[in-house]
Amino acid sequence: MAEGKPGLTEETPLAPGHRVYAVWAGNGRWYPGVVENVSADGDQVTVSWDDQGTDHKTMKTTLVQHYTLFAGEEAPWTKARIDAAVEVKAMDGKGRCLFTRDRKSPGGLIFVEKPICAALPSKHPQLWQAITAINEQHPLDLGPGWHFAAAVSILDMDEEATRLALDKWAPEEEFEPCQDSLLVLDHLNKRHMAGLDKVDANLYQRLLVSWRYNAFA
């Protein structure tokens with residue numbers, strides 16, 4: 001069996017003899033093998049499994065990774081790979097819905113993505129202390145956690161991550177800056193918290209509700 005070659009990237013076309021990890025359709029998990037054949041249009045790959053299995057040998061190219069690049073099932077996928085695996089469509093009465101481009105088995109892996117932002121008190125201890133202190137003096141309706149997350153988003157997220165966060169669903173009636181948001185921003189401004197002294201209240205509120213309705217806490 002040919003081994004994966006150093007210098008391969010995700011853009012390197014798969015070819016017969018390449019060592020790979022591929023998704024076995026029987027359970028949606030990744031297994032090692034060697035490329036036997038690649039379709040003329042590059043859309044399908046046939047793999048010879050290391051365990052000599054003879055079923056589910058042909059799959060979409062998006063379900064195959066070079067052996068030397070495979071980082072495990074829990075490693076985040078690239079945006080291009082996610083886009084090749086799923087698509088978002090608007091459905092009447094339901095809004096935006098996520099659809100897979102290929103048939104999946106129950107319990108199978110759909111895709112893996114990294115979080116847009118992770119709000120950890122250990123990463124911004126002074127900010128966490130400041131917001132919890134505000135909450136102790138003036139109890140916040142949503143508690144300190146969501147406000148901390150909104151503030152961390154402003155500090156840590158780049159333009160693309162912010163765009164993705166603002167694209168998440170939240171009820172429009174909650175887009176107007178609430179009293180708690182204005183209170184938190186006023187206190188942070190008075191404390192001269194770096195990066196949070198001149199924050200747009202509308203942006204802060206949008207991030208706050210995006211976290212509330214789309215995050216895991």
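Reader: The side chains of which residue and Lys 190 meet in a salt bridge?
Author: Quick heads-up: this is a predicted model, where local features need pLDDT of at least 70, side-chain atom pairs count only at pLDDT 80 or more, and totals for chains, interfaces and linings use all residues. Residues are numbered from 1 along each chain as its sequence is written, and side-chain values use heavy atoms, with hydrogens and water left out. A salt bridge here is a side-chain nitrogen of Lys or Arg within 4 Å of a carboxyl oxygen of Asp or Glu. At 3.2 Å, N to O, the partner of Lys 190 is Asp 186.

Reader: Asp 186 and Lys 190 are separated by about how much of helix α5?
Author: Helices are DSSP runs of H or I with at least four residues, strands are runs of E with at least two, and both are numbered from the N terminus. Asp 186 and Lys 190 are 4 residues apart in helix α5, so the gap is about one helical turn.

Reader: Is Lys 190 buried or exposed?
Author: Buried means under 20% relative accessible area, exposed means over 50%, and partly exposed is in between (1.4 Å probe, protein chains only). Asp 186 has 33%, so Asp 186 is partly exposed. Lys 190 has a relative accessible area of 58%, so Lys 190 is exposed.

Reader: Arg 96 forms a salt bridge with which residue?
Author: The closest N and O atoms of this pair are 3.0 Å apart, and the partner is Asp 167. Arg 96 lies in strand β7 (residues 95-100) and Asp 167 in the loop between α4 (159-166) and α5 (179-190), so the pair ties together parts that are 71 residues apart in sequence. Asp 167 is partly exposed, at 40% relative accessible area. To answer you in a word, the partner of Arg 96 is Asp 167.

Reader: How many residues apart are Arg 212 and Glu 174?
Author: Their side chains meet in a salt bridge at 3.3 Å, N to O. Arg 212 is in helix α6 (residues 201-214) and Glu 174 in the loop between α4 and α5, so to speak distant parts of the chain, 38 residues apart.

Reader: How many salt bridges does the count come to?
Author: There's also a network of them linking Glu 87, Lys 89 and Arg 101. By the rule above, the count comes to 11.

Reader: What is the bridge partner of Arg 19 in β2?
Author: Two strands pair if DSSP finds at least two bridges between them. β1 (residues 19-24) has 5 of its 6 residues buried, and β1 pairs with β2 (residues 29-38) in the antiparallel sense over 6 bridges. In β2, the partner of Arg 19 is Val 34.
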